[in-house]
Amino acid sequence: MPFKPDLHWSDVTPEALFLNRRQLIAGAGALLASPALAETPSETLEPTSLEDITSHNNFYEFGWDKGDPAAKAGAMTTKPWSIEIGGLVDKPGTYDLDDLVKGQTIEERIYRFRCVEAWSMVVPWNGFELAALLNRVGVQPSARYVAFETLLRPEEMPGQRDGSFPWPYVEGLRLDEAMHPLTLLATGLYGQPMPNQNGAPIRLVVPWKYGFKSIKSIVRITLTDQQPPTTWNILQPSEYGFYANVNPAVDHPRWSQASERRIGAGLFGGRVDTLMFNGYADQVASLYAGQDLAVDF
Ligand SMILES: Nc1nc2c(c(=O)[nH]1)N[C@H]1C(S)=C(S)[C@@H](COP(=O)(O)O)O[C@H]1N2
Ligand SMILES: [Mo]
């Protein structure tokens, strides 16, 4: 049976959003039954509005203000788009995005999304599992990590025109994290193509990790046997680790990570307690068995 990490957003009617999640499970039947649903019975995942999701962004290639990406990312050309896939894979090459996406079943999934800055949203993503792409190119047995790279194009990305950042933005996952069925390559949200400010045309979504792991506008994916460098870890290693798992018990050195402000959270309002692994502990905690999460932060 295909893995169903959360509600399909198209199945959630506005009225249903006001029911608690157990009622939703009971009403929707086996199709929607999943560990994620069973885990946090009193929380509804009311999607954040499209307006909020597309106007409050971090995409430093377009500036430091939350409004900069919406104002400036329109300049980014996303067609044609290709992804160079290489390293420890059987079929390295430059893959045209349309061809890569055509072979995939695009799913709709609602995920909690939490920035390390303690704001959060609930985003109805469209995409496919990163594992599907990795299986297609053939991961070699010696591969242990996946490295990702964002577009480097200073003529279209004003933030890349100064030397303040080690461009391009880079991120990485351990192979088991990358292969986990919750890990998406997202190509859109709310059923429409990915808005530029959210990382068009394709970005990573790793819902149990802080937002900075979810790298946008990906042009390169490399399988490696070494832990790859990641942008925020390069910039501030004492504040941003490689793992960056959402963890209310491990504070950022300069602020608490115990709660978050849900953007535009109308009825359910304001601050909510942050959940271990952003609410996905049942699915992902086993990946870190035996690791000290305060050390591997
Ligand atoms: N290339 C790139 N990817 C990026 C970022 C960035 O600045 N550049 N910001 C990250 C951070 S800090 C967060 S919180 C999320 C924000 O995603 P959103 O704007 O879609 O909410 O994108 C992540 N991916
Ligand atoms: Mo973030």
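Which residue in β11 is the bridge partner of Trp119? Hold that thought for a moment. First, a caution: this is a predicted model. Now the reply. The partner of Trp119 is Arg261, in β11.

Strand β4 covers residues 119-129. Strand β11 covers residues 259-262. The two run parallel, joined by 2 bridges. On β11 there is also a pairing with β12, residues 271-273. Here the sense is antiparallel, and there are 3 bridges. Look at Ser259 and you will find Asp273 of β12 opposite.

Now step back to the whole protein. Count the elements and you get 9 helices and 12 strands. There are 297 residues, and 55% of them are buried. The exposed surface comes to about 12400 Å². Carbon and sulfur atoms supply 55% of that surface. What about contacts along the sequence?

Next, the inside. In soluble globular proteins, nonpolar side chains tend to be buried together. In this model, the largest nonpolar core has 70 residues. Five residues have the most contacts inside that core: Trp125, Phe148, Leu204, Trp208 and Ile221. Which strand gives the most to the core? Strand β4 does, with 5 residues.

On to another pair of strands. β1 is residues 82-87, and β2 is residues 93-96. They pair in the antiparallel sense over 4 bridges. A hairpin of 5 residues joins β1 to β2. Find Glu84, and its bridge partner in β2 is Thr94. β1 also pairs with β10. That pairing is parallel, again with 4 bridges. Gly86 stands opposite Thr222 of β10 there.

Stay with β10 and look at the loops on either side. Ser217 lies in the loop between β9 and β10. Gln226 lies in the loop between β10 and α8. Is Ser217 buried or exposed? Ser217 has a relative accessible area of 0%, so this residue counts as buried. Gln226 has a relative accessible area of 55%, so this one counts as exposed.

What does Ser217 reach with its side chain? The backbone oxygen of Ala200, at 2.7 Å. Beyond four places away in sequence, Ser217 touches residues including Phe59, Met76, Trp81 and Thr150. As for Gln226, compare it with Arg174. They are 52 residues apart in sequence. In space, C-alpha to C-alpha, they are 9.4 Å apart.

Last stop: ligand 1. There are 17 residues around ligand 1. Those that come nearest are Asn57, Tyr60, Glu61, Thr150 and Lys216. A polar side-chain atom of Asn57 lies 2.8 Å from an oxygen atom of ligand 1. For Asn198, an N or O atom of the side chain is 2.9 Å from a ligand oxygen. For Lys216, a polar side-chain atom is at 2.7 Å from a ligand oxygen. How much of the ligand does the protein bury? Taken alone, ligand 1 exposes 530 Å², and the protein buries 98% of that.

Technical notes
Residues numbered from 1 in each chain as written. Chains lettered and ligands numbered in written order. Predicted model: local features only at pLDDT ≥ 70, side-chain atom pairs only at ≥ 80, totals over all residues. Heavy atoms only, no water. Core = buried A, V, L, I, M, F, W, Y, C linked by side-chain atoms within 4.5 Å. Buried < 20%, exposed > 50% of the residue type's maximum accessible area, 1.4 Å probe, protein only. Areas by Shrake-Rupley, 256 points an atom, 1.4 Å probe, with all protein chains shown as cover. Pairing = 2+ DSSP bridges. Near = heavy atom within 4 Å. Polar contact = N/O pair within 3.5 Å; in protein donor to acceptor, adjacent residues only side chain to side chain. Contact = heavy atoms within 4.5 Å.
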